[in-house]
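User: I am new to reading protein models and would like to go through one feature by feature. Could we begin with charged side chains that pair up?

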Amino acid sequence: KIHADKKDRTFGGLWGYVEIWFPWPLSNRAMVVKCETLDCLEERGALLIELLSGDYEEGKLPTTAEQCPRLWVKNLTKIVPLPPKPDGTPRSQFTLFCETDFQTPLTPKFLINFILKVMAPVVYSQVKELLESSFGGNSQFRSRMEDTPEMYGAIKESVEKYQSAEAKRQRELL
């Protein structure tokens with residue numbers, strides 16, 4: 001059970017839109033989602049990121065629901081900060097839970113195989129490359145993190161506090 005008020009430890013509330021290519025004979029699907037991050041480091045040793053489909057003003061999106069059917073998603077990602085590598089490189093463990101409605105009466109087996117065998121490895125490698133290349137140095141994401149300390153700074157402080165307490169606990173066990 002999380003004892004603190006969720007409102008005090010929730011960051012984000014960002015909306016996102018992405019169109020996903022689907023193989024023929026299916027049409028592409030679009031996701032319109034809201035993302036929030038909940039700091040549960042103290043109780044669970046993790047950050048939780050909730051990604052939920054929702055209604056957004058259609059006029060502000062690149063496509064309408066008729067042009068590109070909406071994919072409904074319930075996604076929870078658990079991020080556990082790990083001790084850094086010996087060279088100081090930060091590490092994290094990610095666990096993803098996802099429920100998706102493809103908005104099709106019957107999901108064909110070939111589509112499930114395609115998602116598991118083709119899309120999942122490609123998405124994984126793209127996310128890994130993005131994380132390795134886009135968040136270091138002088139990237140736009142690094143600048144955004146530095147320019148919005150009310151969100152990223154608070155998360156960083158919480159992670160540093162957690163890692164410090166965890167390191168102290170590990171030393172006491174020795």
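This is a predicted model: local features need pLDDT of at least 70, side-chain atom pairs count only at pLDDT 80 or more; totals for chains, interfaces and linings use all residues.

User: How many salt bridges does the structure hold?

Analyst: The structure holds two salt bridges. Besides the one between Lys34 and Glu36, Glu166 forms a salt bridge with Arg169, and there the closest N and O atoms are 2.6 Å apart. Both Glu166 and Arg169 belong to helix α4, which spans residues 149–173, and they sit three residues apart, about one turn of the helix. Glu166 is partly exposed at 24% relative accessibility, and Arg169 is partly exposed with a relative accessible area of 40%.

User: Which elements make up the protein chain, and in what order do they run?

Analyst: The secondary structure comes to four helices and five strands, and from the N terminus on the order is β-β-α-β-β-β-α-α-α.

User: How should I read the way strands lie beside one another, and which strand does β2 join?

Analyst: As a general idea, the side chains in a regular strand alternate between the two faces of the sheet. In this structure, β2 runs antiparallel to strand β3 (residues 46–53), and eight bridges join the two.

User: What should I look for inside the fold, and which residues make up the largest nonpolar core?

Analyst: In soluble globular proteins, nonpolar side chains tend to be buried together. Here the largest nonpolar core has ten residues in all, namely Ile20, Phe22, Leu26, Met31, Val33, Leu71, Val73, Phe102, Leu111 and Phe114. Strand β2 (29–40) and helix α2 (109–134) each supply at least two residues of this core. Another core, of six residues, lies apart from it, and among its members are Leu47, Ile79, Ile155 and Val159.

User: Where does Met31 lie, and which residues does it touch?

Analyst: Met31 lies in strand β2 and counts as buried because its relative accessibility is 15%. Not counting residues up to four places away in sequence, Met31 touches Gly16, Tyr17, Val18, Ile20, Leu71 and Val73. The C-alpha atoms of Met31 and Glu19 are separated by 6.4 Å, although these residues are twelve apart along the chain.

User: Is Arg29 buried or exposed?

Analyst: Arg29, whose place is in strand β2, counts as buried because its relative accessibility is 6%. Leaving aside neighbours within four places in sequence, the contacts of Arg29 include Val18, Glu19, Cys68, Pro69, Gln103 and Thr104. Phe102 is another of the contacts of Arg29, and Phe102 in turn touches Phe22, Leu71, Thr107 and Ile115 as well as Arg29, again without counting residues up to four places away in sequence.

User: Where is Leu61, and which residues are in contact with it?

Analyst: Leu61 is found in the loop between β3 and β4, and it counts as buried because its relative accessibility is 14%. With neighbours within four places in sequence left aside, Leu61 is in contact with Tyr17, Val32, Tyr56 and Arg70. Leu61 and Val32 are 29 residues apart in sequence, while their C-alpha atoms are 8.9 Å apart in space.

User: How many of the residues score at least 70 in pLDDT, and where does pLDDT stay under 50?

Analyst: The idea is to read pLDDT as the predictor's confidence in each residue. The protein chain averages a pLDDT of 76, and 84% of the residues score at least 70. Over residues 1–7 pLDDT stays under 50, and for these residues the model has twelve contacts beyond four places in sequence.

Notes: Residues are numbered from 1 along each chain as its sequence is written. Side-chain values use heavy atoms; hydrogens and water are left out. A nonpolar core is a set of buried Ala, Val, Leu, Ile, Met, Phe, Trp, Tyr and Cys residues joined through side-chain atoms within 4.5 Å. Buried means under 20% relative accessible area, exposed over 50%, partly exposed in between (1.4 Å probe, protein chains only). Contact means heavy atoms within 4.5 Å. Two strands pair if DSSP finds at least two bridges between them. A salt bridge is a side-chain nitrogen of Lys or Arg within 4 Å of a carboxyl oxygen of Asp or Glu. pLDDT is the predictor's confidence in each residue, from 0 to 100.
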